[in-house]
Amino acid sequence: MKYILVTGGVISGIGKGIIASSIGTILKSCGLRVTAIKIDPYINIDAGTFSPYEHGEVFVLNDGGEVDLDLGNYERFLDINLYKDNNITTGKIYQHVINKERRGDYLGKTVQVVPHITDAVQEWVMNQAMVPVDGHKEEPQICVIELGGTIGDIEGMPFVEAFRQFQFKAKRENFCNIHVSLVPQPSATGEQKTKPTQNSVRALRGLGLSPDLIVCRSSTPIEMAVKEKISMFCHVNPEQVICIHDVSSTYRVPVLLEEQGIIKYFKERLDLPIGDSASSLLSKWRNMADRVFCCSLKILDDSIDLEQTTEVEDPVKFHEAWQKLCKADGVLVPGGFGIRGTLGKLQAISWARSRKIPFLGVCLGMQLAVIEFARNCLNLKDADSTEFEPNARVPVVIDMPEHNPGNLGGTMRLGIRRTVFKTENSILRKLYGDVPFIEERHRHRYEVNPSLISQLEQKDLSFVGQDVDGERMEIIELANHPYFVGVQFHPEFSSRPMKPSPPYLGLLLAATGNLNAYLLQGCKLSSSDRYSDASDDSFSEPRLAELEIS
């Protein structure tokens with residue numbers, strides 16, 4: 001097993017996850033079996049109780065693991081399915097060690113950070129690195145490990161010490177450290193500064209790790225003189241300094257890494273059984289990145305924060321939001337929690353339904369679509385969700401049986417679940433390839449009340465997808481509408497660059513007026529659609545209004 005550790009310096013949030021994902025993509029394109037691990041030094045057991053405002057959105061895995069969003073990057077870039085144990089936190093490690101201590105595994109010994117915590121980290125990494133992905137029997141050959149945070153953080157010290165020891169256990173030919181650092185460029189001088197990177201590398205070496213590659217992040221391409229200066233003061237060869245500047249799409253990062261000879265370096269440094277160039281897989285990535293940059297199909301993303309602001313309270317904000325919505329060719333209402341913003345979302349859903357604007361509701365977005373339909377089409381004015389009104393007179397949406405009051409961690413309906421199509425006459429069924437059932441990932445506590453289904457289906461609304469027992473409503477579709485779809489699951493979790501999520505693809509196609517042609521072609525894009533250039537006007541430019549998560 002070969003291990004590649006990705007650390008970060010200067011500041012957090014400079015793209016370690018994308019760098020780690022891109023490295024994995026490049027090595028996979030060379031025919032190697034690759035897996036990935038993310039280490040988060042926070043004490044939380046998982047990311048399930050985080051606020052998205054503070055830490056970003058939670059990502060859900062097939063096994064129900066609520067993990068850091070970087071694991072979503074790994075899955076999308078590598079086209080693999082990972083497990084909750086691929087995300088290591090300080091909380092998980094300490095819980096594991098404390099449980100062993102309570103069982104008496106350390107009987108008679110004083111349990112300490114070194115060696116017990118550091119040993120637990122190494123054992124976890126080695127065990128999880130050898131877990132086959134996607135049911136394959138063969139173990140991975142490469143494990144890319146991202147250490148979250150910044151070198152020097154007190155929270156990350158036990159993990160750094162664990163890998164200082166681990167590099168000798170794994171041996172040099174099997175262990176490589178990549179350090180991602182920021183090269184700032186103050187606007188006052190316009191000069192790219194290398195001192196922060198020098199200090200970061202010095203701190204890393206002081207902790208016992210020496211970088212094999214230094215990936216320099218910058219807003220603009222790094223000058224050769226700057227690269228040579230980093231090489232000289234950080235004690236690495238110039239070819240070991242990789243420069244990644246801000247680009248239009250993260251899908252270009254693997255291409256930039258490959259262009260700077262990273263495949264040849266890994267081949268020699270880790271003695272990998274590969275050639276000096278990538279396969280056609282990376283060529284597909286390059287073509288995809290180019291299409292994102294120059295294709296005439298562009299998404300003008302207007303995120304609209306329709307809070308519970310009325311025209312009287314803030315008329316300027318109210319009218320600005322609705323001006324954006326009125327220009328939209330498609331409306332996406334994503335998931336969320338709580339009542340904040342639901343009034344505006346309900347109004348936007350009503351607009352999309354009545355004006356026949358393509359609409360996709362995900363999780364909470366689907367629930368609100370059902371509530372809006374009940375209120376305005378079935379005249380059930382008291383229709384509501386018990387999440388917002390516990391004593392709702394018409395509880396269209398109710399809480400889940402899995403809900404465990406007093407304990408919020410891991411109590412939602414999580415992970416991959418099967419949805420069975422109840423009819424062949426379904427747009428979403430056709431978009432999924434006309435299959436009888438699908439499996440998608442969930443993360444919710446509330447569901448459409450099954451006892452009201454017959455009443456809700458009196459008009460054009462149909463629950464075309466249900467769980468295997470027919471008790472949970474998974475997919476809604478509205479007849480006599482170009483595209484009005486709601487899904488209880490989160491299809492974005494399993495979407496991949498080369499395999500776009502069918503519900504989202506359907507929304508884009510409907511917004512550009514191409515959905516019917518796509519369905520008639522057997523759900524296959526023509527070559528002109530896939531590779532249209534700037535002169536091709538076969539696609540319009542959809543403006544999608546996304547109602548922000550509140």
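Because the model is predicted, local features need pLDDT of at least 70 and side-chain atom pairs count only at pLDDT 80 or more, while totals for chains, interfaces and linings use all residues. Residues are numbered from 1 along each chain as its sequence is written, and side-chain values use heavy atoms, with hydrogens and water left out.

Let me start with the salt bridges, where a side-chain nitrogen of Lys or Arg lies within 4 Å of a carboxyl oxygen of Asp or Glu. The structure holds 26 of them, and one network links K38, D40, D68, D70 and E146.

In another case, the side chains of R353 and E372 meet at 2.8 Å, N to O. R353 belongs to helix 13 (residues 342–354) and E372 to helix 14 (residues 364–376), so the pair ties together parts that are 19 residues apart in sequence; helices here are DSSP runs of H or I with at least four residues, and strands are runs of E with at least two, numbered from the N terminus. R353 is buried at 16% relative accessible area, as is E372 at 2%, where buried means under 20%, exposed over 50% and partly exposed in between, with a 1.4 Å probe and protein chains only.

R375 also forms a salt bridge, with D384, the closest N and O atoms being 3.5 Å apart; R375 is partly exposed at 23%, whereas D384 is buried at 16%.

Finally, R418 and E439 meet in a salt bridge at 3.2 Å, N to O, and because R418 lies in strand 15 (residues 413–421) and E439 in strand 16 (residues 437–444), this pair ties together parts 21 residues apart in sequence.
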